[in-house]
Amino acid sequence: MEFVDAPLKVSLVTETYAPEVNGVAMTLGRTVEGLLARGHQVHLVRPRQHPRDTAAAMSRFTETLVAGLPIPRYPGLRFGLPALGALKKRWRASRPDIVHIATEGPLGVSALKAARALGLPVSTSFHTNFDAYSHHYGIGLIRPFITAHLRRFHNRADTTLVPTRALAGSLQQQGYRN
């Protein structure tokens, strides 16, 4: 394995990760595998999935587990509670080269605030069009607020990754940048 540059220290923040079974968790699992295979270090921040859940700690892969609550109408998933202080403390002690935030919930928002306060580069990824699913979750009346939150969140990042050019075009038309 050869590198032109030194391996990166990546801090990845997500509300969902294996063994949870969904598209985001599977995508992030493959992303972590790919980063590790290329010699990078990964620090994963995610909600504790059950009371006996313990953080992994291997040579180039570590985890920080945060408190979370079940997502209404989606009992298999938990959203992470804000962890601004803990993230700032962690990232001051072990500064990542980049923070990647995969989810836009309270944990993701606090990670974005912490990274910005510390002057860290931030990337996000747009996986789920939550505003379009707001009716399914019984919160259709607040769809405009969800839409505005998603756009504001991603626009504060240096770049937002999307799975298709069509989605990139759609988001640009809705006022998403980067």
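Setting aside neighbours within four places in sequence, R156 is in contact with L112, K113 and R116. This comes from a predicted model, so please read every value below as computed from that model. R156 sits in the loop that links α4 (143-155) to β8 (159-161). Is R156 buried, partly exposed or exposed? R156 counts as partly exposed, because its relative accessibility is 37%.

## The overall fold

Let's step back to the whole chain. There are 5 helices and 8 strands, and from the N terminus on they run β-α-β-β-β-β-α-β-α-β-α-β-α. Of the 178 residues, 42% count as buried. Among contacts between residues at least 6 apart in sequence, 60% join residues at least 24 apart.

## The sheet and its helices

An open sheet is formed by 6 strands with parallel pairing, in the order β3-β2-β1-β6-β7-β8. At its edges are β3 (61-66) and β8, each of which pairs on one side only. From one strand to the next, the twist averages 20°. Within this sheet, β1 and strand β2 (residues 41-47) pair in the parallel sense over 5 bridges, and K9 stands opposite Q41 in β2.

Which helices pack on the sheet, and which strands do they touch? Here are two of them side by side:

| Helix | Strands touched | Angle between directions |
|---|---|---|
| α2 (residues 84-93) | β1, β2, β3 and β6 | about 170° with β2 |
| α3 (residues 106-117) | β1, β2, β3, β6 and β7 | about 160° with β6 |

S123 belongs to strand β7. With 7% relative accessibility, S123 counts as buried, because the cut-off for that class is under 20%. Apart from its neighbours within four places in sequence, S123 is in contact with I98, V99, H100, I101, A157 and T159.

## The second largest pocket

If you like looking for open space in a model, the second largest pocket is worth a visit. About 330 Å³ of space lies in it. Its lining has 19 residues, and the closest to the centre are T31, H100, S125, H127 and L161.

Which elements each supply at least two residues of this lining? They are β1 (9-13), α1 (23-37), β6 (98-101) and β7 (122-125). The most comes from α1, with 6 residues. By residue type, the lining of the second largest pocket divides into 12 nonpolar, 7 polar and no charged.

## Two backbone details

Most residues other than glycine have a negative phi, and most peptide bonds are trans.

P19 lies in the loop between β1 and α1.

N178 is found in the segment after α5 (165-173). N178 is exposed, because its relative accessible area of 55% is over the 50% cut-off.

Notes: Residues are numbered from 1 along each chain as its sequence is written. This is a predicted model: local features need pLDDT of at least 70, side-chain atom pairs count only at pLDDT 80 or more; totals for chains, interfaces and linings use all residues. Side-chain values use heavy atoms; hydrogens and water are left out. Helices (H or I, at least four residues) and strands (E, at least two) are DSSP runs, numbered from the N terminus. Buried means under 20% relative accessible area, exposed over 50%, partly exposed in between (1.4 Å probe, protein chains only). Contact means heavy atoms within 4.5 Å. On a 1 Å grid over the protein atoms alone, a cavity is a set of points where a 1.4 Å probe fits but cannot get out, and a pocket is an open set with protein on both sides within 12 Å along at least five of seven lines; lining residues have an atom within 4 Å of a point. Grid points are joined across faces, edges and corners, and a volume is the space filled by probe spheres set on the points. Ala, Val, Leu, Ile, Met, Phe, Trp, Tyr, Cys and Pro count as nonpolar, Asp, Glu, Lys and Arg as charged, and the others, Gly among them, as polar. Two strands pair if DSSP finds at least two bridges between them. Axes are lines fitted to C-alpha atoms, for helices over the stretch in contact, and angles run from 0 to 180 degrees between N-to-C directions.
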